[in-house]
Amino acid sequence: MAGGYDISRWPITVAPLPDELPVSWLWRVANRYGMTPAATLTALGLPQVNASVPRLEAYLRRHADALAAALGTQPFPVDDLPSSDGALEVELERYAVDYRIGRLPAATIRFCPQCLAVSGGAWLRSWRRRTPAACPAHEVQLLVRCPECGAVPFSRSIWMTAATRPWICPQLAGQQPPSRRRRNRCGYDLRQAPTSPLGALEADALDRLHTTAEAAAAHSLEPVDVAGFGVAARDHLDAIFELIDEDSDLTQVLAPNATGHDRLSSSARLAFEVLDQPTAHAAADIAEHHSLLDPSGRHTPIITDAKARRRPHNPLLAAIRMRSLEDVLSPTAQLTFRLASSRPRYPEPIPRCRTEEIQSWPGQVPFAAIPQVLWPGTLTPWIEDDDIPARAAAAMLLAKIGSTRAWSLIALDLGLPAAFATTPGALVTRMRRAGTWPPLLQALEHLAATLSASPPRIDYSARRWAAEPALVEQAVQGIETEPALGDLVDRDRLAVLLWQTYTGGDARNHPDYHTDPSSETRTPLSRHEAALVTGLIERAAADLHCLCGAPDQGPLEWRPP
């Protein structure tokens, strides 16, 4: 119009309040014009929608421009910043995915009666949450249900057909008349709902829970000292969630019921009591007193087979549980859980991708880095270099560190006879009787860490599978030997030495050789003769490398740094 007025715009502007839900704003607009929310959308020329609160909010945002043109404002604040308490909700969703605990209950819109009275019926975004919380302004617990009818606000879309004030419960209640033209509604004034003050213990537990969630959401790199271990803030928060879940079942605690607040608070206090202990043994004692960290449960199970990989486990709780049991765990468990390291841990969980695409899982020594017989001098204080069976058993022990592989599988991939599956146990028994098992376990852990930091340039596993006796013989036959060496080293013995040098194994463990190379040497070789034999092996190894398809680009031999 000439005067500057827009006759298509509605005359009364109802601006959304800070932190207000878009559905709450729609309800207040409808109440101001004396209509139902559904009739308001129809009058605005928008298709009527009957959906849940999240879908209705997405619908309002999609038509934000039309609503702003008709009502003079958008259905949500322009700054639209997330709530300060949203970190806990976000971390809960992330935890449920990472730890595969299933789908969490949907967020529930709670309310503070006093805030409803002060704001004129505005429902806040900070009230929509899974975790029970308290009103920071009035220090009372947020309510979940209407005290009169027991309905959860906004749980059903019946509120869109009610021409009531936003603080009046619109849910259907009592005996309904046969005619659909009229419905009996609850009509309870939610501003008058009785509230309970927040106790000191509950306030402290919720405050610490929110503080820990904010540190985890910020990806804080500052380590947190918990029970003698330095862990990331996210692992600390996940440990709290795991203890709450073990104590009360997290999915049940977060369900919208009247007891959820008390259950969550008590379980959170119990989790903090466990994690506030100075040592792992003290934390485990408190946990055992409250039937937590069950060795046969799903959160901290003490199992060494593939079942341990089916579910991710919290590294902090794992370290506490295993450190407290380090004196009673079997040698196999000590290797699998890496008890000789500064922080014991579970093997890596089974990834979601196809397992055949995985070459080597983190946390364990790959077969490609382990020779059939450990390098000479590696464990000299405890295992002599001429004790070939013990060095082979030590290689199997190394392959068991951080792994759930079966002993038979380890023996198979190392190219050892099936009878070797019992050899590691015999070696451990011998070491335990001699009192040298703890230092040997520490040496194996150190060797595993060294191989992880400086992996070999040789793929021992590929060489063991590729170096067939026929190819080894072909490589040996293709070289020319010195006539002077004919009586000292024949081609059969040269083939045995070539296979041993190329694969890092011992011919006595090969089904096609079964030979002790030292028994065939009638007289020791001189330094010059030994150098000539080494040169022959290097020349034959180059041919064998090509015949085998060059499984790696490493040298003929390698030693740990």
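Author: Let's start with cysteine 169, which counts as buried at 4% relative accessibility (buried is under 20% relative accessible area, exposed over 50%, partly exposed in between, with a 1.4 Å probe and protein chains only). Bear in mind that this is a predicted model, where local features need pLDDT of at least 70 and side-chain atom pairs count only at pLDDT 80 or more, while totals for chains, interfaces and linings use all residues. Residues are numbered from 1 along each chain as its sequence is written, and side-chain values use heavy atoms, leaving out hydrogens and water.

The closest cysteine sulfur to that of cysteine 169 belongs to cysteine 149, 3.6 Å away and too far for a bond; a disulfide takes a pair of cysteine sulfur atoms within 2.5 Å. Cysteine 546, by contrast, is exposed at 63%. Its sulfur sits 9.4 Å from the closest cysteine sulfur, that of cysteine 548, again too far for a bond. In the end, the structure holds zero disulfides.

Now the backbone. Most residues other than glycine have a negative phi. You'll find arginine 100 in the loop between helix 5 (86-98) and strand 1 (108-109) (helices are DSSP runs of H or I, at least four residues, and strands are runs of E, at least two, numbered from the N terminus). Arginine 100 is partly exposed, at 30%. Glutamate 139 also has a positive phi, near 55°, and lies in the loop between strand 3 (134-135) and strand 4 (140-141). Glutamate 139 is exposed, with a relative accessible area of 57%.
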